[in-house]
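Thanks for coming. I will walk through one structure this morning, a piece at a time, and then stop.

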Amino acid sequence: MKKTLIATLLTLGSLSAAAAPLSDQIQQDYQQHLGALFTHFHQHPELSHMETQTAKRLAKELRAAGFEITEGVGKTGVVAMLKNGPGPLVMMRADMDGLPVEEKSGLPYASKAKQTDWDGNEVHVMHACGHDVHITSLVGTARRMAAMKDKWSGTLMLVGQPAEERVGGAKGMMEDNIWGRFGQPDYALAFHVSSEIEAGKIVAVEGSPYSGVDSVDIIIHGVGAHGASPHRGKDPIVLGSQIVLALQTIVSREIAPKEPALITVGAFHSGTKHNIISDKAHLQLTVRNDNWETREYLMAAIKRVAENMGRAAGLPEDKLPEVRISDEPTPPTVNDIPLTKRLKKAWTASMGQPVFDENYKRLGMGAEDFPFFTTEPYIPSTYFAVGGTPAADFAAEKAGGPAVPSHHSPLFKISPQPAVTKGVEATVIALLDLMPAK
């Protein structure tokens, strides 16, 4: 009798949990499992393509949720599949890698991890871009979707992607034939936690949330001479300085004022000594755009400016500056507008209009490698953002208090509970909308 009563109470408790609102189920899962998992991931970050233990733990968690797991895709990537009847194949991606940054956030669970980097140097490692939030949320999504199999129909593909920070992980998984091995998704989703968005809010732009990027090198050839006899040489440092300034006029005077474009010279290398005019200078540029037409214009304009500044300096044709463009550009991340409108409608219906951060403005031109999954072949996709900074922190900053740390800063920190739980909730709502029960 006693055993029967206990069994009945447990059953009622289980039914009560199942009947609870989705947000309550996720909050409970955070308290019981996901919170500790986030702390584990935060304290054990790993560098790009070195995420062996991260991938192993992620695979273990997804396997326990009932997914079929394949490890080692694109070196350290994880692909988890759950087939649940007829319907679309939908992919959700989370990146896994940390950064070579020493954490100085002051958090009680701050990373103290070190790792040998790609050049053989021992470096501190930190989740300074929130990827710990992403993979924790991926596990939370897996657990919710597995528990709600009566609510959806189709095939769910969860991807733990390596090396986003070095913009090579998605490309590597594609080169490892991810679509041929597991099926090409009908839809693709991803999100990024943001310190620039209020915790508990989401943002989904109908357009480009992240820019395309090229790395460009300009090799400037000069004629070496004594620093006291500049007339005997052709100074590549002076010419390089002129090129740096002239490049800025491309964006300010040749690109339409409301068309996003950026040219940043991040490095200028030349010379060895105070009184020697070098015979070479090397400029390293990052060039960003939000559409292919702008990219093509920028590339041609950089070449035109560099070469003609060389001509203006009196260099012969065989010594004009060389412009070298990276072999493969990173495309801009472009949300499919009909899909994004559809998901925003689903999010509004489930979470209410206030869930959207209406104050957010995209002011930078950061890049992502997610479009390597969705550009060729084209897959309708939505990349959204989840807030990670409490409203009180923004208010304190506005009142003259400490600035909210940016991504990649050693001071970077995210409020994990609202970030993880909102990431899971938004993802599950999107998946249920795209894969309704038959």
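This is a predicted model: local features need pLDDT of at least 70, side-chain atom pairs count only at pLDDT 80 or more; totals for chains, interfaces and linings use all residues.

Let me start with a pair of helices. Helix H7, residues 236–254, and helix H8, residues 292–312, have axes that come within 9 Å and cross at roughly 145 degrees. The crossing of H7 and H8 is right-handed. On the H7 side, the residues that meet H8 are Leu239, Gln242, Ile243, Ala246, Leu247, Ile250, Val251 and Glu254. On the H8 side they are Tyr297, Leu298, Ala301, Ile302, Arg304, Val305, Ala306, Met309 and Gly310. Sorted by class, the contact of H7 with H8 holds 13 nonpolar, 2 polar and 2 charged residues.

For the overall picture, the protein has 12 helices and 15 strands. Its C-alpha trace spans about 105 × 45 × 45 Å along the principal axes. There are 438 residues, and 50% of them count as buried. If you take contacts between residues at least 6 apart in sequence, 81% join residues at least 24 apart.

H9 passes H12 in a right-handed crossing. H9 brings Leu339, Arg342, Leu343, Ala346, Trp347, Ser350 and Met351 to this contact. From H12 come Lys422, Glu425, Ala426, Ile429, Ala430, Asp433 and Leu434. By class, the contact of H9 with H12 counts 9 nonpolar, 1 polar and 4 charged residues.

Now the sheet. How many strands does the open sheet have, and in what order? It has 7 strands, in the order S1-S2-S6-S3-S7-S15-S8, and the pairing is mixed. The edge strands are S1, residues 68–73, and S8, residues 202–203, each of which pairs on one side only. Inside the sheet, S3, residues 89–95, runs parallel to S6, and 7 bridges join the two. As a landmark for that pair, Leu89 stands opposite Thr155 in S6. Helix H3, residues 52–64, packs on the sheet and touches S1, S2 and S6. The direction of H3 makes about 165 degrees with that of S1.

Glu368 sits in the loop between H9 and helix H10. Is Glu368 buried or exposed? Glu368 has a relative accessible area of 1%, so it is buried. Its side chain makes a polar contact of 2.7 Å with the side chain of Arg93. There is also a polar contact between the side chains of Glu368 and Tyr383, at 2.5 Å. Not counting residues up to four places away in sequence, Glu368 touches Arg93, Asp95, Glu164, His192, Tyr210, Ser211, Thr330, Pro331, Thr333 and Tyr383.

Glu164, which is on that list, belongs to the loop between S6, residues 154–161, and helix H5, residues 169–175. With 6% relative accessibility, Glu164 also counts as buried, because the limit is under 20%. Leaving aside neighbours within four places in sequence, the contacts of Glu164 are Arg93, Asp95, Asp97, His131, Ala367, Glu368 and Asp369. Glu164 and Tyr383 are 219 residues apart along the chain, and their C-alpha atoms are separated by 14 Å.

Last, some backbone details. In the loop between S6 and H5 there is Ala163. Ala163 is not a glycine, yet its phi is positive, near 55 degrees. Ala163 is buried, with a relative accessible area of 0%. His49, another residue that is not a glycine, has a positive phi of about 65 degrees. His49 is in the loop between H2, residues 22–43, and H3. At a relative accessible area of 28%, His49 is partly exposed.

And which peptide bond is cis? The bond from Glu376 to Pro377 is, with omega near -5 degrees. Pro377 is in the loop between H10 and strand S15, residues 381–389.

That is the end of the tour. I can go back to any part of it.

Key:
Residues are numbered from 1 along each chain as its sequence is written. Side-chain values use heavy atoms; hydrogens and water are left out. A crossing is left-handed if the near helix is turned anticlockwise from the far one by less than a right angle, and right-handed if clockwise. Helices (H or I, at least four residues) and strands (E, at least two) are DSSP runs, numbered from the N terminus. Contact means heavy atoms within 4.5 Å. Ala, Val, Leu, Ile, Met, Phe, Trp, Tyr, Cys and Pro count as nonpolar, Asp, Glu, Lys and Arg as charged, and the others, Gly among them, as polar. Buried means under 20% relative accessible area, exposed over 50%, partly exposed in between (1.4 Å probe, protein chains only). A polar contact is a pair of N or O atoms within 3.5 Å; within protein, one must be able to donate a hydrogen and the other to accept it, and residues adjacent in sequence count only if both atoms are side-chain atoms. Two strands pair if DSSP finds at least two bridges between them. Axes are lines fitted to C-alpha atoms, for helices over the stretch in contact, and angles run from 0 to 180 degrees between N-to-C directions.
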